[in-house]
Amino acid sequence: MIFTNDTEASLGFAAALADTVPEASDSGDDELSTPAQLTALLDAWRFSGRRDGDDRELIEVRSARSRLRALWLLDRDDAVDEVNDLLVDARALPRLVRHDDLDWHIHATEIDAPLARRIMVEAAMAFVDVIRADEMARLRVCDADDCESLYVDMSKNASRRFCSTRCGNRMAVRAYRARTA
Ligand SMILES: [Zn+2]
Ligand SMILES: [Zn+2]
């Protein structure tokens, strides 16, 4: 195990949110354009706590998405500054909680804090683990030249290059064509 279960889940959600931008989404569209799309994403990841379901919340989450994409690509020391800022700004206060069918895990915001703040703090807490484990190199962006998808490389020797087999295959075909052209 590289990270704890809740850190892995938080990173998975962060990447899924970040990958709703057109240059990373499966459809090629912005997949976070409506409150309904946000609801579907939260449901898919069983993201708990307050939801307003309005345009203001959507706008805040969209701006969290941009900040998250930037954080993902920072080097370790710059990520430390950003994570510390996030935690201070949100007045994060870590505590262990158990809810639904989830075992003890960390929450650092109140369950009724605005969604975008809870998303950023949850991501920041996951980054605390990643940085302490010195595993920032596992937070990657797809190597395919037409894909900006973020992913966590959980492979044994941290050697994964593409977000998906779809991208891997597409780039292999392209490389093959280039060689035989
Ligand atoms: Zn929870
Ligand atoms: Zn990709």
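## Basis of the description

Two residues are in contact if their C-beta atoms, placed from the backbone, lie within 7 Å. Helices (H or I, at least four residues) and strands (E, at least two) are DSSP runs numbered from the N terminus.

The model is predicted: local features need pLDDT of at least 70, side-chain atom pairs count only at pLDDT 80 or more, and totals for chains, interfaces and linings use all residues. Residues are numbered from 1 along each chain as its sequence is written, while chains are lettered from A and ligands numbered from 1 in the order in which they are written.

## Helix H1 and its surroundings

The buried residues of H1 (20 or more other C-beta atoms within 10 Å) are Thr7, Ser10, Leu11, Phe13, Ala14, Ala15, Leu17 and Ala18. These buried residues pack against helix H2 (35-44), H3, helix H5 (115-132) and strand S4 (150-152).

The axes of H1 (residues 5-18) and H3 (residues 55-72) come within 9 Å and cross at roughly 115 degrees; axes are lines fitted to C-alpha atoms over the stretch in contact, with angles from 0 to 180 degrees between N-to-C directions. Ala14, Leu17 and Ala18 of H1 meet Arg65, Leu68, Arg69 and Trp72 of H3 in this contact.

## Positive phi in two loops

Aspartate 100, in the loop between strand S1 (95-97) and strand S2 (105-107), has a positive phi near 45 degrees. Because aspartate 100 has 6 C-beta neighbours inside 10 Å, it counts as exposed (12 or fewer).

Alanine 158 lies in the loop between S4 and helix H6 (165-180), and its phi is also positive, near 50 degrees. Alanine 158 counts as exposed because it has 12 C-beta neighbours inside 10 Å.
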